[in-house]
Amino acid sequence: MCTTVEKLPNPSYRLATVADREDLRSALLRFFYPEEGLNVCYYGGSEAAPDDVEYYVNLIDEGCTELAIDQGTGQIVGFSIGGLVEDQSFTNSSVKTEKFADILKFLEFMAKNANLAKRFGVTHIYSIYAVGVDPRFRQQAIATALMENQFEMARKKGAALVSADTTGIKSAGLVKKLGMEVVFSIAFNDYRDEVGRQIFVSSGSELTVQTVVKRF
């Protein structure tokens with residue numbers, strides 16, 4: 001299905017508050033998870049795991065979730081979610097589903113292989129966890145603005161390095177345009193868990209997940 005692109009004059013940008021929780025949840029389900037590689041390529045199906053969604057919504061409390069707002073309707077048309085990473089442990093007490101547990105194990109695998117703290121000799125790393133833009137309003141630099149605002153938050157928090165894991169062609173193109181460098185990558189189809197299961201299945205054998213960084 002082809003999405004009609006609409007011009008969005010002067011979107012506003014602001015940090016999310018607890019009052020935005022349900023609107024952010026709706027945005028995640030409408031235009032993030034249907035395209036997000038780890039979700040779509042999961043061997044057990046592409047329905048978003050509720051504990052995965054809840055994890056992103058709860059990150060509002062960290063104060064680093066930014067929203068792009070259509071000033072005419074007040075609707076969320078884009079978001080970026082980030083925060084300082086204190087350690088590389090992906091143990092999460094909110095895990096309820098096998099899917100979310102498998103995704104967290106994969107992200108831990110990516111973190112161990114990228115080994116950013118040792119690779120770059122830094123202690124303060126800021127991670128961008130998710131970026132999404134409503135398909136109706138793409139190609140208008142909204143994602144770029146959301147990413148650049150995340151970079152600014154990282155600087156204010158004293159981070160020497162910003163990291164992200166790209167899981168699709170669009171996100172890989174965006175981070176390249178923003179000057180982020182690839183430090184580790186693996187094809188979806190090449191990853192196996194600790195018991196040898198193929199967790200992600202992609203029809204495009206060249207599709208990869210990349211850990212990318214930007215240094216200040």
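1. The model is a predicted one, and its chain holds seven helices and seven strands. Read from the N terminus, these elements follow the order β-α-α-α-β-β-α-α-β-α-β-α-β-β.

2. As to overall dimensions, the chain has a radius of gyration of 17 Å, which agrees with the value near 17 Å that a compact globule of 216 residues would have. Along the principal axes, the C-alpha atoms fill a box of roughly 50 × 40 × 35 Å.

3. Of the 216 residues in the chain, 48% are buried, where buried stands for a relative accessible area under 20%. Among contacts with a separation of 6 or more, 77% are between residues 24 or more positions apart.

4. The accessible surface of the chain is about 11,000 Å², and carbon and sulfur atoms account for 51% of that area. For charges, the chain carries 23 positive and 28 negative side chains, with 5 Å between the centres of the two sets.

5. Is strand 5 enclosed by the rest of the structure or exposed, and why? Strand 5, which spans residues 161-166, is largely enclosed by the rest of the structure, because five of its six residues are buried.

6. Strand 5 is also paired with strand 4 (residues 125-133): the two run parallel and are joined by four bridges. Within this pairing, serine 127 stands opposite serine 163 of strand 5.

Definitions and conventions. Residues numbered from 1 in each chain as written. Predicted model: local features only at pLDDT ≥ 70, side-chain atom pairs only at ≥ 80, totals over all residues. Heavy atoms only, no water. Rg over C-alpha atoms; globule rule 2.2 N^0.38 Å. Buried < 20%, exposed > 50% of the residue type's maximum accessible area, 1.4 Å probe, protein only. Contact = heavy atoms within 4.5 Å. Areas by Shrake-Rupley, 256 points an atom, 1.4 Å probe, with all protein chains shown as cover. Lys, Arg positive; Asp, Glu negative; His and termini not counted. Charge placed at Lys NZ, Arg CZ, Asp CG, Glu CD. Pairing = 2+ DSSP bridges.
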